[in-house]
Amino acid sequence: MDKGCCPKTYKYTKDGVHLTTEQRDFFEENGYIVIPNLFDPAFLDQCKQRFIDYCDQKLQTKGVTYMNDTYLKKKGYTGEYAMNRIHHIHFDSVLSKYVTNKAMLDVVQSIIGTSNISCCHSIFLNKPPNSEIDSSRHPMHQDLYFLPYRPENSIVATWTALEKVTVENGCLFLVPKSHKLKLKQHEYPENINTNSFYTIPDFKNFTPINILMEKGDTVFFSPLVLHGSNPNLSQGFRKSMACHFVDSNCDIIELTDEKTKRDQEELSLLWGYGKSDYQLFWKKKTWVARGLPGNINKVDSKL
Ligand SMILES: O=C(O)CCC(=O)C(=O)O
């Protein structure tokens with residue numbers, strides 16, 4: 001007897017409204033997908049200029065926080081030549097348009113499966129030239145290690161190239177299919193000069209691929225995907241913007257690593273979010289990107 005065809009079951013994406021079946025199948029299988037040409041180049045240039053204005057201290061916004069490349073800073077470099085990243089760009093009136101971009105949120109919605117979407121972390125990433133390898137590279141890690149949200153498939157990361165990214169200027173690398181792994185143990189790498197960059201002890205057992213991208217291309221990936229980035233060995237900059245999106249009604253969990261909790265509580269003070277336990281810190285900096293607020297937004301995130 002013909003039992004008919006079984007419907008496909010999907011675990012890592014929730015609907016195919018904004019992803020083709022091929023794109024959805026690719027994400028299910030590999031844990032990431034690159035969508036080309038998602039952003040208007042003129043908007044990305046405006047964002048680059050905004051970033052430079054922050055680096056040159058022409059702009060200041062409450063909640064937007066800085067992290068220098070320690071090596072370049074010590075060498076006397078300034079401005080965009082010394083800045084590694086600025087965090088929480090969703091509080092800036094121009095850069096927040098990255099986080100609310102319709103085309104990007106449509107894909108996020110197809111992956112996490114809700115139109116109630118919050119941005120829990122957003123970054124402008126800069127790899128200046130002249131850095132040393134151990135402060136310019138980002139070792140292999142899983143973002144879920146830092147994020148107190150569950151279940152893991154209610155989270156997705158985005159990373160958008162602001163210029164052509166190559167192996168030479170420090171593209172992302174990632175391990176396809178690693179979204180099927182569990183969260184791994186992380187530790188401070190011995191030879192990395194950037195505070196807060198963790199890695200996994202057995203990274204040598206995994207073979208990453210380089211994600212080469214054109215300006216405006218965006219990669220979406222699961223928070224369990226093993227990834228990092230190569231050092232910038234070119235004479236130019238490598239700039240990108242990234243965000244973590246979560247279902248506004250997902251759970252906030254107790255992190256198990258005491259050091260990570262302490263680090264996040266220290267950052268809350270350092271970055272002007274006040275004395276908070278790490279869960280409150282996340283609530284304070286989380287921002288509704290689409291739809292209605294949920295249980296993770298119970299504290300008003302507007303500083
Ligand atoms: O853009 C990069 O250099 C890597 C970013 C990254 O992996 C992260 O912030 O988790």
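Phenylalanine 124 touches residues from several stretches of the chain in this predicted model. Leaving aside residues up to four places away in sequence, its contacts are Cys47, Lys48, Phe51, Asn84, Arg85, Ile86, Ile89, Leu95, Leu162, Lys239, Ser240 and Met241. Phe124 is also one of the residues that touch the most other members of the largest nonpolar core. From there, the tour moves on to the cores, the pockets and the cysteines.

**Nonpolar cores**

- The largest nonpolar core holds 43 residues, and Ile86, Tyr98, Phe124, Phe220, Met241 and Phe245 are the ones that touch the most other members.
- Helices that give two or more residues to this core are H2 (41-55), H4 (96-99) and H5 (102-112).
- Strands that do so are S1 (32-35), S3 (83-87), S4 (117-127), S12 (238-247) and S14 (287-290).
- Helix H2 provides the largest share of this core, with seven residues.
- There is also a second, separate core, made of 16 residues, and its members include Tyr32, Leu172, Val219 and Ala242.

**The largest pocket**

- This pocket has a volume of about 1100 Å³.
- Its lining counts 50 residues, and those closest to its centre are Met67, Arg85, His87, Ser196 and Phe197.
- Arg85 is also among the residues that Phe124 touches.
- Helix H7 (residues 258-270) gives the largest share of the lining, seven residues.
- By type, the lining of the largest pocket is made up of 20 nonpolar, 21 polar and nine charged residues.

**The second largest pocket**

- Here the volume is about 320 Å³.
- Nineteen residues form the lining, and Arg137, Pro139, Met140, Thr199 and Phe203 lie nearest the centre.
- Strands S5 (138-141) and S9 (209-211) each supply at least two lining residues.
- The largest share, three residues, comes from S5.
- Ten of the lining residues are nonpolar, six are polar and three are charged.

**Cysteines**

- The model has zero disulfides, where a disulfide would need two cysteine sulfur atoms within 2.5 Å.
- Cys47, one of the residues touched by Phe124, has its closest cysteine sulfur in Cys243, and the two sulfurs are 13 Å apart, so they are too far from each other for a bond.
- Cys47 is buried, with a relative accessible area of 0%.
- For Cys250 the closest cysteine sulfur is in Cys120, and at 8.0 Å this is again too far for a bond.
- Cys250 is buried as well, with a relative accessible area of 4%.

Conventions. Residues numbered from 1 in each chain as written. Predicted model: local features only at pLDDT ≥ 70, side-chain atom pairs only at ≥ 80, totals over all residues. Heavy atoms only, no water. Buried < 20%, exposed > 50% of the residue type's maximum accessible area, 1.4 Å probe, protein only. 1 Å grid on protein atoms, 1.4 Å probe; cavity = no way out; pocket = protein on both sides within 12 Å on 5 of 7 lines; lining within 4 Å. Points joined across faces, edges and corners; volume = space filled by probe spheres on them. Helix = DSSP H or I, 4+ residues; strand = E, 2+ residues; numbered from the N terminus. Nonpolar A, V, L, I, M, F, W, Y, C, P; charged D, E, K, R; others polar. Core = buried A, V, L, I, M, F, W, Y, C linked by side-chain atoms within 4.5 Å. Contact = heavy atoms within 4.5 Å.
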